[in-house]
Amino acid sequence: MVDKINNIAFIVQARMNSQRVPGKMLRPFADKNLFGIILDKLLSSNVIPSDQIYASVYEEELFHEANIKRNIRTYQRS
């Protein structure tokens, strides 16, 4: 099982321009934000290696939340 999980990348895609709730990924929610909650859940996993977690983002705020605050590898898309 461990060998197989090492071949998987875990990608979280996020964007800030939601039509119904703009900026919802970084809006305060229980002293955190939705993007931070999902990233923290992945990082706290006993199964998923943290170096296999990636965030696919466009906005600088999301990059900061993933890469700067949590040291998660990011792919900055256009």
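A: Pro 22 lies in the loop that links strand E1 to strand E2. The names follow DSSP runs numbered from the N terminus, where a helix (H or I) has at least four residues and a strand (E) at least two. The structure is a predicted model, in which local features need pLDDT of at least 70 and side-chain atom pairs count only at pLDDT 80 or more, while totals for chains, interfaces and linings use all residues. Residues are numbered from 1 along each chain as its sequence is written, and side-chain values use heavy atoms, with hydrogens and water left out.

Pro 22 counts as partly exposed because its relative accessibility is 47%; buried means under 20% relative accessible area, exposed over 50%, and partly exposed in between, for a 1.4 Å probe and protein chains only. When residues up to four places away in sequence are not counted, Pro 22 touches Met 16 and Arg 27, contact being heavy atoms within 4.5 Å. His 64 is 42 residues from Pro 22 along the chain, and the C-alpha atoms of the two are separated by 18 Å.

The loop that holds Pro 22 also contains Ser 18, and the strands on its two sides are E1 (10-13) and E2 (28-29). Ser 18 has 13% relative accessibility and therefore counts as buried. The side chain of Ser 18 makes a polar contact with the backbone nitrogen of Val 21 at 3.3 Å, and another with the backbone nitrogen of Arg 20 at 3.5 Å. Such a contact is a pair of N or O atoms within 3.5 Å; within protein, one must be able to donate a hydrogen and the other to accept it, and residues adjacent in sequence count only if both atoms are side-chain atoms.

E1 and E4 run parallel and are joined by 4 bridges; strands pair if DSSP finds at least two bridges between them. Ile 11 has Tyr 54 in E4 as its bridge partner. Strand E4 (residues 53-57) also pairs in the parallel sense with strand E5 (residues 73-76), again over 4 bridges. Strand E4 is mostly covered, since 4 of its 5 residues are buried.

Helices H2 and H3 also meet one another. Phe 35, Gly 36, Leu 39, Asp 40 and Leu 43 on the side of H2 face Leu 62, Glu 65, Ala 66 and Arg 70 of H3 in this contact.

The whole chain provides the setting for these parts. It has 3 helices and 5 strands, arranged along the sequence in the pattern α-β-β-β-α-β-α-β. Of its 78 residues, 32% count as buried. Among contacts in the chain with a separation of 6 or more, 49% are between residues 24 or more positions apart. Taken along the principal axes, the C-alpha atoms fill a box of roughly 40 × 30 × 25 Å.
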